[in-house]
Amino acid sequence: MSEAKVYTMDFNGRELRVEIGEVAKQATQAALVYYGDTSVLTVTQAATEPSSMGFFPMMVNYTEKLYAAGKIPGGFFKREGKPSELETLTARLIDRPLRPLFPDGFQYEIQVINTVMSGNTDHSPPMTAMLGSSLTLALSPMPFSGPIAGVQVGRVEGEFVLNPSEEDMEISDIDLIVAGTKEAINMVEAGAKEVDEETMLDAIEFGHGWIKKLCEFQEEIVKELGQEKIDYEIDVLDEAAVSFVKETYGQKIIDSVQVYDREKRGEDIREIKNAIEETFETKYAELDDNDFKTKLKSAKKTVDNLVSSEIRRGIVEDQKRPDGRTLNEIRALNSKIDLFELTHGSAMFTRGQTQAVSITTLGALGEHQIIDGLGETDNKRFMLHYNFPPYSVGEVGRYGPPKRREIGHGALGERALAQVLPDEEDFPYTIRIVSEILESNGSTSQASICAGCMSLMAAGVPIKAPVAGIAMGLIHDNGTNRVLSDIQGLEDHIGDMDFKVAGTKDGITALQMDIKIEGLSNDVLKEALAEAKKGRLTILDNMLATIETPRKEVSKHAPKVKIMLIDPNKIRDVIGPGGKQITKIVEDNDDVKIDIEQDGRVTIMHTEMAPIERALKQIEDIVRVAKVGEIYDGKVVRIEKFGAFIELWPGTDGLCHISKMAHERVGKVEDVLKMGEIVKVKVIGIDDRGRIDLSRKATLAKPQQNKTKSSSDKSSTDKKS
């Protein structure tokens, strides 16, 4: 049995320990990473031969086994199933800073599998897994130009906090994950409560300072245990094919790029490629099938390369973009609301050739999403689901469950809008937004945020401030940087950065940045954030021209809601034996929805107010408690020789003894009270068994006594004396 090599460092007062060499020895590389109480097993497995897929096939997985928190999975099978949204998002989070550090054209298949073996959510399992992923790749023979590392940054009472606890995050106004190399940042993911650009830059810089320490720690391990990197071949384009395309079609390709029309440019490029294929079928007729395909592939790749290089040149030198816009110009905007009759809120946002329709639905608090993870079982009252059908880009393709990208884009939109939602106490609804992408030419996630915000306002959700989003791009060439506002699909494809920024007029609510180069300087980030703010304000103006403020009332089709607080000890009375009481209330009132929390909060929902009011009255009657000294209008429900039982409200009655029915002597109860009669009574006592003692006499005026005596009474008195 091999002994593990152990490496430790103090990371901001908490031990970080790495063990290598004892586990998963048949894999390309493996490590156990311990950070406080959290332990993650990271295994990297690389293929020994290059793939023929035509792209870099790396897959990063992140799995939280519930045994890591001493839990057994819920459900029938008692086994972890498909990845949760958190696991999918974390896998993407780890993948994004790793991928740009592999060379272009490298095509060996790589799997990086992270398994959380012990998980304390206060000791950041995702960031632990990111370090393990980077370290195993850096130790492996794969040409990875890392290491990288990531940290989470919060801000509590104006002070930045490294890898904050869940308790810290409850009061933090920043939730930032930043990753990068020792030299530069290459990935950012953040949510924030309207934080200004300068503060966000400071938070990123704070995080990078700690990233440098983690990278240096990894470098020490790699220096001792790192394997020699493999020799690999990159597909080389056929020189004859490249020369032919450049000489024959070079100028025509340049002219097609300068048309500034997407459809016309695409049509021209397709015609050029078709013409090349026809020429090659004659020119290289003697070649076998494989050699012919290699030449044709090289020629078509050269066309794409010339298009990309001309677009990049035009942006850097002429400061003109593929559609003729200036660097900071935003495409044509259009906003609409109330597209559909029966939905609670709907909106459509169009920016150029990108179009999103978002639908808001309001539901009962009991319809929230339950999340079973390493921490305590949690729930979400707000969800944003993003759908990207293939027809949005004019293609026929797979149509089914959401892919990783759709889950990621939905989470970004959810993070951006969650910051401005009203508190549950003020707006007791579960809120779901579904964003349907109808057209796509760049930045659909940000269009979803814009449409989603307007649909919330149209649904009558009292958001704190409107939110808009914009995607920024970058062309980096020979030391020159050109920041682009509102990038379209082609600029995202050929560019060096995709930097999405969402926020209100006062500050940022969400960030997401990915780059294809090794890192970005603070100056570029600062410029991108400044231009993003200008663009965001322009987009907000367009949205607010359509709907300026949230509607005062929810839609007539949305459920109405009322909340009441009851004594938690009375919850069982409302529910009743076997749930009979609560079932009866629901059935009696047009199937209202009733949610009862353990703290005694009762939420009643229905599309009409009348059933809510009736159900509310029934529950009030069940939980009401009689008070000594209070006077009630009661109903006589039973008569006995010794008194009458009087119902104060349904389910609660008391006894009015015959001696307490009137000031004068009462011979028979029936002389004073009749069955079904409504009578005023006063509560004069409640015994330790809850029995209520009532008095009718106490509510009646006392009979007046004569102040002067009669003459006969006086003479009688005189005789006695």
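Colleague: Which helix does Glu166 lie in?
Modeller: Keep in mind that this is a predicted model. Glu166 is one of the residues forming a negative surface patch, together with Glu167, Glu170 and Asp378. The helix that gives the most to this patch, with three residues, spans residues 166–171. Glu166 lies in that helix, helix 3.

Colleague: Is Glu166 buried, partly exposed or exposed?
Modeller: Buried means under 20% relative accessible area and exposed means over 50%, with partly exposed in between. Glu166 has a relative accessible area of 43%, so the label is partly exposed.

Colleague: Okay, helix 2 next. How far apart are its end C-alpha atoms?
Modeller: Helix 2 covers residues 125–139, which is 15 residues. At 1.5 Å a residue, helix 2 should span 21 Å. The model agrees with that, because the end C-alpha atoms of helix 2 are apart by 21 Å.

Colleague: And how many residues of helix 2 are buried?
Modeller: Helix 2 is largely enclosed by the rest of the structure. That follows from the count of buried residues in helix 2, which is 15 of the 15.

Colleague: How many residues apart in sequence are the parts tied together by Arg331 and Asp486?
Modeller: The side chains of Arg331 and Asp486 meet in a salt bridge, 2.9 Å from N to O. Arg331 lies in the loop between helix 7 and strand 11, and Asp486 in the loop between strand 19 and helix 10, so the pair ties together parts whose separation in sequence is 155 residues.

Colleague: Which of those two has a relative accessible area of 0%?
Modeller: Arg331 counts as buried at 8% relative accessibility. Both residues belong to a network of salt bridges that also includes Arg321 and Glu491. The one buried with a relative accessible area of 0% is Asp486.

Colleague: Last one! Which residue forms a salt bridge with Arg551?
Modeller: Arg551 counts as partly exposed, at 34% relative accessibility. The closest N and O atoms are 2.5 Å apart, and the partner is Asp338.

Note on methods: Residues are numbered from 1 along each chain as its sequence is written. This is a predicted model: local features need pLDDT of at least 70, side-chain atom pairs count only at pLDDT 80 or more; totals for chains, interfaces and linings use all residues. Side-chain values use heavy atoms; hydrogens and water are left out. Helices (H or I, at least four residues) and strands (E, at least two) are DSSP runs, numbered from the N terminus. The expected span of a helix is 1.5 Å times one less than its number of residues. Buried means under 20% relative accessible area, exposed over 50%, partly exposed in between (1.4 Å probe, protein chains only). Patches are made of residues with over 30% relative accessible area and no salt bridge: like charges are joined within 9 Å, nonpolar side chains (Val, Leu, Ile, Met, Phe, Trp, Tyr) within 5 Å. Accessible areas come from the Shrake-Rupley method with a 1.4 Å probe; for residues, only the protein chains shown count as cover. A salt bridge is a side-chain nitrogen of Lys or Arg within 4 Å of a carboxyl oxygen of Asp or Glu. Lys and Arg count as positive and Asp and Glu as negative; His and the chain ends are not counted. The place of a charge is taken as NZ of Lys, CZ of Arg, CG of Asp or CD of Glu.
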